[in-house]
Amino acid sequence: MTALMPADRLPLDERIAAVTSDLDALLRRVAKRDVEAFAAFYDHTRARVFGLVTRVLRDPGYSEETTQDIYLQVWRSAESYDRGAGSPMAWLLTLAHRRAVDRVRSEQAASLRDSRYAAANLDPPVDQVAEAVIVLDERRQVVDCLGALTDMQRECIELAYYQGLTYVEVSERLSTNLATIKSRMRDALRGLRNCLGVQ
Amino acid sequence: MTHPTDAELVALATPYALHALPDDELAEIERWVAEAPAEVAEAFSDEVRSVRETMAALSASTAVEPPAELRDRLLAAVASEPVQLSSRRERRASRWRSVVLAAAAAVVVGLAAVGIGVALRSHATPSTADQVFAAPDVRTVSGDIPTGGTATVVFSHEKHAGVLVMNNVAPPSPGTVYQMWLINGQSVTSAGTMDAKRVSPSTTAVLSNIGDSTELAFTVEPGSGSTHPTGQVFAKLSLI
């Protein structure tokens, strides 16, 4: 019986649905300034947020500061989360990515804009994850889906999403016209979406 | 940028959702979407939603645990946050909430019992906690409580203040309280008490007068606390 299966044995989409409803309930309480709910929300999501921010900023100090800013924004604006516009995780990571990208763009420091960073380097650090929500097969599925993209599609995601370049900058960097870059991005996202079964 | 066709506009939804549009195009594109026919705007927002859900799923591949101190700093910062809401009705609600928040925090540390040191943030800006976090000499110390749980103090001698965070600390036995003491050489000053009801899974208090204290010590005291420590020190944190 599905309901009696441990969370890590549920199919991926059902597991995501369960996480979504938990996070949704927590966010409603955070909107009422419930500190315990906030702590629980942080515990359920911290590795994803910190991991993404670190991936974009590549500096532990900046990443901690930015992660703190992100969660303060969650505390201040949980009531602005719109259930109709997407899942709580998507809301949170959109906010986190926006903050991280703003930080990258405002930092002129060369260390943060290291263009020599290998574009194909999307492999995750496998050993540092202890977050209960993330189970290994989910990670494996995501990595497999990234692996199924073409090199050029992965490069586009790397530069635009993880290095914070605009599509215009990506086009300059790769000496490729804007229309091609836009369609490469769209195809990359479509491939990932289909592979991951995202609605 | 010249006005795109409907199809070109929808094609911009992907870089829009990835935060990959140049700032100078962003406002313009948002305006075009707002002015576009309903089905175009809907196609645009469907694509944005779908890209965001996809990237949320993708975040499983980059997950990394943050340092544990970040949680303590964040909970301390949240406990000292003024609540800001916009409309008048909400502003009234926010004042009420702040009062409740401050009251909830105030019971953590028995203000009346001790008469020194513990001030909880209400509306003063910037708060003591904000000043501590922003201080050039800000430091964090953390230690395990032998009976379970952890105590963390984020402090600044320059600001003479600290923020205490207690996580998962077991309540004291009935008829006793935990009492905190600031130690400076021979001088020992009470920094507040916590009874069983006041030890919740996570509690926070601002220590507003740490002065030149070198240690924060914890004892078990009878009744509602003592003027000088009578119990054994069961935990202490260095403030040097």
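1. For the helix packing discussed next, axes are lines fitted to C-alpha atoms, for helices over the stretch in contact, and angles run from 0 to 180 degrees between N-to-C directions. The structure is a predicted model.

2. With that convention, helix α3 of chain A (residues 60-77) packs against helix α5 of chain B (residues 68-79) at an angle of about 40°, and the two axes are 10 Å apart. Angles under 35 degrees count as roughly parallel and those from 65 to 115 as roughly perpendicular; α3(A) and α5(B) are therefore oblique to each other. The crossing in which α3(A) passes α5(B) is right-handed.

3. On the α3(A) side, this helix contact is formed by A:Glu64, A:Thr67, A:Gln68, A:Tyr71, A:Leu72 and A:Trp75. From α5(B) come B:Leu70, B:Arg73, B:Leu74, B:Ala77 and B:Val78. Sorted by class, the contact of α3(A) with α5(B) comprises seven nonpolar, two polar and two charged residues.

4. The contact between the chains as a whole draws 58 residues from chain A and 42 residues from chain B. Seen from chain A, the elements giving two or more residues to the side that touches chain B are α2, α3, α4 (88-106), α5 (136-147), α6 (151-162), α7 (167-173) and α8 (178-196). Helix α2(A) provides the largest share of that side, with 13 residues. The class composition of the side of chain A that touches chain B is 33 nonpolar, 11 polar and 14 charged residues.

5. As to the fold of chain A, its secondary structure consists of eight helices and zero strands. Of the 199 residues in chain A, 42% are buried. Among contacts in chain A between residues at least 6 apart in sequence, 65% join residues at least 24 apart.

6. Which residues touch the most other members of the largest nonpolar core? They are A:Leu93, A:Ala160 and B:Val163, in a core of 103 residues. Helix α2 of chain A (residues 35-57) gives the most to this core, namely 11 residues. As general background, nonpolar side chains tend to be buried together in soluble globular proteins.

7. When its neighbours within four places in sequence are left aside, B:Val163 is in contact with B:Ala76, B:Ala129, B:Val132, B:Val153, B:Val154, B:Thr204 and B:Val206.

Conventions: Residues are numbered from 1 along each chain as its sequence is written. Chains are lettered from A and ligands numbered from 1 in the order in which they are written. This is a predicted model: local features need pLDDT of at least 70, side-chain atom pairs count only at pLDDT 80 or more; totals for chains, interfaces and linings use all residues. A nonpolar core is a set of buried Ala, Val, Leu, Ile, Met, Phe, Trp, Tyr and Cys residues joined through C-beta atoms within 7 Å. A residue is buried if 20 or more other C-beta atoms lie within 10 Å of its own, exposed if 12 or fewer, and partly exposed in between; C-beta atoms are placed from the backbone. Helices (H or I, at least four residues) and strands (E, at least two) are DSSP runs, numbered from the N terminus. Two residues are in contact if their C-beta atoms, placed from the backbone, lie within 7 Å. Angles under 35 degrees count as roughly parallel, over 145 as roughly antiparallel, 65 to 115 as roughly perpendicular and the rest as oblique. A crossing is left-handed if the near helix is turned anticlockwise from the far one by less than a right angle, and right-handed if clockwise. Ala, Val, Leu, Ile, Met, Phe, Trp, Tyr, Cys and Pro count as nonpolar, Asp, Glu, Lys and Arg as charged, and the others, Gly among them, as polar.
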